[in-house]
Structure formats: structure tokens, C-alpha cells
Amino acid sequence: MGLFGRTHEKPPKDLINEWSLKIRKEMRVIDRQIREDTFESMEDGEEMEEEAEEEVDKILFEITAGALGKAPSKVTDALPEMEPAGATAASEDESEEDIEEMQSRLAALRS
């Protein structure tokens, strides 16, 4: 009796090679199908993302009673940089004090 209860005229080594070849071919087919499915799902994801954005825009338009539609799509002006009042003067005083303290420590180390 041979492989799987049948008698074969081929030696076992040849049978193993044949089965191995068949398995490799099947694996290639399965691999190709997986890749195709993956790429298809990636394309579907982009479409779903666009649909989701449109739905969010609709809901925001409803919530804001149309005010969102009047707003610009993007802001191009940079926001002005503001410093808190008195922060500059305080930081200058602190930095002067720090410098004086460092100089006195340095003088102490030198002596």
C-alpha cells in the first residue's frame, strides 16, 4: 500500500516532491488572493473616510445652524504672539539676579 492507502508506481521521494509542488502553488494562489483583498479593502477605507467626513460636516452644519458654512475653510493668518503683562520685566530682574549669584559663586570658587 502506498500513500493514502493507494498503490503507486512512483517512489515516495517523487510523491513528496509532487505534493510539495502542489502545496507551494496553492500557497502562491492564497497569497495573491490575500494581497488583492487587502488592496481592495484599502481602497474601500478611503471611500468610507470621505463618506464619514461628509456626514460629520452635515451634522456640524445642523448643530451650528448653518454658521459653520459661513466660516472660512482654513485660516491663513498667523496668530499674534502675546506676552503676559509684566513677564518681561520680571524675567529680566530674575536673570540679572541669577547672573550676579553665579558670578559670586565663581569668585568664591576661585579664591
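A salt bridge is taken here as a side-chain nitrogen of Lys or Arg within 4 Å of a carboxyl oxygen of Asp or Glu. The structure is a predicted model, in which local features need pLDDT of at least 70 and side-chain atom pairs count only at pLDDT 80 or more, whereas totals for chains, interfaces and linings use all residues. Residues are numbered from 1 along each chain as its sequence is written, and side-chain values use heavy atoms, with hydrogens and water left out.

The protein contains three helices and zero strands, with helices (H or I, at least four residues) and strands (E, at least two) being DSSP runs numbered from the N terminus. Read from the N terminus on, the order of the elements is α-α-α. The mean pLDDT, which is the predictor's confidence in each residue on a scale from 0 to 100, is 80 for the protein, and 75% of its residues reach 70 or more. Among the elements, helix α1 has the highest mean pLDDT (87), while helix α2 (residues 67-70) has the lowest (68). Where pLDDT is low, the predicted coordinates should not be read in detail.

Of the 111 residues in the protein, 2% are buried, a class defined by under 20% relative accessible area, with exposed meaning over 50% and partly exposed the range in between (1.4 Å probe, protein chains only). The protein exposes about 10,900 Å², of which carbon and sulfur atoms supply 56%; accessible areas come from the Shrake-Rupley method with a 1.4 Å probe, and for residues only the protein chains shown count as cover.

Three salt bridges are present in the structure. In one of them, the side chains of Asp 31 and Arg 35 meet with an N to O distance of 2.2 Å, and both residues lie in helix α1, four residues apart, or about one turn of the helix. Asp 31 counts as partly exposed because its relative accessibility is 34%, and Arg 35 is likewise partly exposed, with a relative accessible area of 46%. Glu 18 forms a salt bridge with Lys 10, the closest N and O atoms lying 2.2 Å apart; Glu 18 is partly exposed at 31% relative accessibility, as is Lys 10 at 42%. Glu 55 is joined to Lys 58 by a salt bridge whose closest N and O atoms are 3.9 Å apart, and these two residues of helix α1 are three residues apart, about one turn of the helix. With a relative accessibility of 42%, Glu 55 also counts as partly exposed.

A nonpolar patch on the surface is formed by Trp 19, Ile 23, Met 27, Ile 30 and Ile 34, which together have about 490 Å² of accessible area. Patches are made of residues with over 30% relative accessible area and no salt bridge, like charges being joined within 9 Å and nonpolar side chains (Val, Leu, Ile, Met, Phe, Trp, Tyr) within 5 Å.
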